[in-house]
Amino acid sequence: ANGKDIAIVSEAGYPCVADPGAQLVLLAQQAGYEIVPLLGASSIILALAASGLNGQNFAFNGYLPKDKGERLTKIRNLEQRSKKEGQTQIFMEAPYRNGNLMEDLLAACQPQTLLCIACDITGLDQKIQTLPVGQWKQREFKFPKKPCLFLLLYN
């Protein structure tokens, strides 16, 4: 309103894609302001590219339900969709709930389903690894309190 440019910057991901800011952008659109997205890959695309999973057919599902029962059902549904369509399923969780989500993924998914965990993408502690669920079950994986994306593909 004062003739100055403003920006929305995200600490993880891309602003307004599973990240706060969409309502502010909508209000700015409705007020007639020009919205200019900046170039650059989002963590979602970076994780997909580094996962080795199907990048031709994928779906971003945002955050899964907080309720454990609903989350387990959603994970099973995503795995079935992946099996049926060959579609990589991508989702995320709040850093303090990453461990809970991992437990549910290991409990709900078939051993052959490929699971990629992409933590702290482009950060100092970046770790991106894809393994079958059966192999993840044999490993001890401690999640840092950092943003993580989870990708799965029925194999």
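**Strands and cysteines**

A: Strand β1 (residues 58–63) and strand β2 (residues 88–93) run parallel, joined by 4 bridges. Keep in mind that this is a predicted model.

Q: Which residue in β2 is the bridge partner of Tyr 63?
A: Met 92.

Q: And how does the chain cross from β1 to β2?
A: Through helix α3 (residues 68–85). The β-α-β crossover is right-handed.

Q: Switching to cysteines. How many disulfides does the count come to?
A: The count is 1 disulfide. Cys 119 and Cys 148 form a disulfide, with their sulfur atoms 2.4 Å apart. The cut-off is within 2.5 Å.

Q: What parts does that pair tie together?
A: Cys 119 lies in strand β3 (residues 114–119) and Cys 148 in strand β5 (residues 148–153), so the pair ties together parts 29 residues apart in sequence.

Q: Is the link of Cys 119 and Cys 148 right-handed or left-handed?
A: Right-handed, with 100° about the S-S bond.

Q: Are Cys 119 and Cys 148 buried or exposed?
A: Cys 119 is buried, and Cys 148 is buried too.

Q: What about Cys 116?
A: Cys 116 is in no disulfide. Its nearest cysteine sulfur, in Cys 119, is 9.1 Å away. Cys 116 is buried, at a relative accessible area of 0%.

Q: Is Cys 109 buried or exposed?
A: Buried, with a relative accessible area of 6%. The cut-off for buried is under 20%.

How values were computed:
Residues are numbered from 1 along each chain as its sequence is written. This is a predicted model: local features need pLDDT of at least 70, side-chain atom pairs count only at pLDDT 80 or more; totals for chains, interfaces and linings use all residues. Side-chain values use heavy atoms; hydrogens and water are left out. Helices (H or I, at least four residues) and strands (E, at least two) are DSSP runs, numbered from the N terminus. Buried means under 20% relative accessible area, exposed over 50%, partly exposed in between (1.4 Å probe, protein chains only). Two strands pair if DSSP finds at least two bridges between them. A crossover is right-handed if, with the strands pointing away from the viewer, the path from the first strand over the helix to the second runs clockwise.
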